[in-house]
Amino acid sequence: MIEKLARKSALTITPYQPGKPIEEVARELGMPEEDIVKMASNENPLGASPMGIQAIKDAAEKVGLYPDGGCYYLKQDLAKHLDVASENLILGNGSNEVLMIIADTFVNPEDETLYAEQSFVVYMLATKVSGATAVTVPLKNYTHDLEAIADKITDKTKVIFIANPNNPTGTMVTADEVKRFMDRVPDHVIVVFDEAYYEYVERDDFPNTVEYVREGRSVVTLRTFSKIYGLAGLRIGYGITTPEIVKILDKVRQPFNVNAVAQAAAIASLKDKEHVEKSVKVNSEGKKYLYEKLEEMGLEYVPSEGNFMLVHLNQSGADVMAEMLKEGVIVRPMKGYKFPESVRITIGTKEQNDKLLTALKKVLGK
Ligand SMILES: Cc1ncc(COP(=O)(O)O)c(C=O)c1O
């Protein structure tokens with residue numbers, strides 16, 4: 001039995017279930033790919049910026065060479081963009097990889113990690129790979145309950161993961177809440193603020209967690225090029241933290257963890273402010289439009305600060321998802337996140353939102 005040879009902690013893992021790729025749905029349902037819209041993985045419906053795509057083409061010429069393992073030029077540009085030093089940055093093959101590197105570096109089997117019960121599933125995966133104990137705290141009104149999380153800190157707590165805005169609920173914790181929380185976090189605990197959807201946030205009471213890094217607290221702020229920058233397929237994200245933490249993470253990180261094409265695309269995408277602004281606008285308008293139309297249909301949803309929203313259906317989300325696939329719309333059922341009667345939908349372009357609403361109406365018989 002090969003299982004006997006595996007780490008016990010590895011066998012406890014249920015593999016991550018990604019949103020269905022368009023190609024798979026096309027194959028299974030015999031539909032042309034162009035007729036299918038994916039609103040299941042919180043990608044940017046506008047895709048990458050034209051400048052990013054040009055950089056990808058240019059970088060293709062040089063893929064015979066290994067990438068710059070230190071991401072020198074990208075770090076310089078990001079440092080300027082974020083008003084931090086290059087030494088504050090760690091790049092990853094998606095911010096997902098940075099999460100895994102943090103766990104691999106800091107979390108021992110006897111440690112505890114702490115996070116919300118209904119939050120990004122990779123916190124659970126990272127904990128299990130480390131063989132550590134996950135301590136989870138229920139959401140309160142779909143939102144991280146930072147007071148309850150702080151109450152659960154023990155001597156064994158090593159890392160706290162906070163998705164802000166939260167996936168899959170789209171809710172956020174405020175600057176004041178985070179301040180009160182950070183006042184209660186002891187020195188032996190590393191706090192990871194996972195801000196994958198940061199650029200979409202419209203409220204002005206969102207925390208500036210990089211300030212805690214500047215103060216020298218053990219905080220890692222995670223951001224990504226997968227969402228607003230439309231580079232999900234290239235896998236590139238980053239952490240902003242203290243130089244001391246970066247140095248230790250760098251020991252564990254693979255030497256060439258971020259590929260050359262992704263680095264070039266990220267550098268160019270960062271410069272294309274127009275594409276970012278357009279993406280924010282499309283999302284903001286799409287969100288309001290979907291709110292209005294969902295209300296007209298009598299459906300409840302959770303107001304979101306991200307590029308997605310949780311919609312309640314009062315019936316099996318998995319069944320509705322399967323029926324919507326036949327209409328060429330891919331959404332994400334939420335049973336795995338303990339919302340069995342909900343789906344999470346990514347906010348799309350006007351055209352995509354209309355296609356989604358038409359499919360949803362048909363499937364729900366509205
Ligand atoms: C909260 C959260 N964190 C991290 C990620 C991972 O992003 P990346 O593509 O940078 O690995 C996602 C992706 O959906 C997410 O929702």
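Author: Helix H4 is followed by Asp83, whose phi is positive, near 60°. Helices (H or I, at least four residues) and strands (E, at least two) are DSSP runs numbered from the N terminus. The model is a predicted one: local features need pLDDT of at least 70, side-chain atom pairs count only at pLDDT 80 or more, and totals for chains, interfaces and linings use all residues. Residues are numbered from 1 along each chain as its sequence is written.

H4 itself spans residues 72–82, and its buried residues are Leu74, Lys75 and Leu78. These three cover an arc of only 95° around the axis, which puts them on the same side of H4; the arc is that of the directions from the helix axis to the C-beta atoms. An α-helix has 3.6 residues a turn, so residues three or four places apart point the same way. On the other side of H4, Tyr72 and Lys80 are exposed. A residue is called buried if 20 or more other C-beta atoms lie within 10 Å of its own, exposed if 12 or fewer do, and partly exposed in between, with C-beta atoms placed from the backbone.

The cover over the buried residues of H4 includes strand S2 (89–92), strand S8 (237–240) and helix H11 (260–271). S2 is covered on both faces: Leu89 and Leu91 are buried on one side, Ile90 and Gly92 on the other. S2 and S8 run antiparallel and are joined by four bridges; two strands pair if DSSP finds at least two bridges between them. Within this pairing, Gly92 stands opposite Gly237 in S8.

Another of the covering elements, H11, spans residues 260–271. Ala265 is one of the residues that touch the most other members of the largest nonpolar core, which has 68 residues; Val159, Ile160 and Val191 are also among them. The largest share of this core, seven residues, comes from helix H5 (residues 95–106). A nonpolar core is a set of buried Ala, Val, Leu, Ile, Met, Phe, Trp, Tyr and Cys residues joined through C-beta atoms within 7 Å.

S5 pairs in the parallel sense with strand S3 (residues 112–116) over four bridges, and Thr113 has Val159 as its bridge partner in S5. Five bridges join S5 to strand S6 (residues 190–194), also running parallel, and there the bridge partner of Ile160 is Val191. Leaving aside its neighbours within four places in sequence, Val191 is in contact (C-beta atoms, placed from the backbone, within 7 Å) with Ile160, Ile162, Val185, Ser218 and Val219.

Methods
Contact = placed C-beta atoms within 7 Å.
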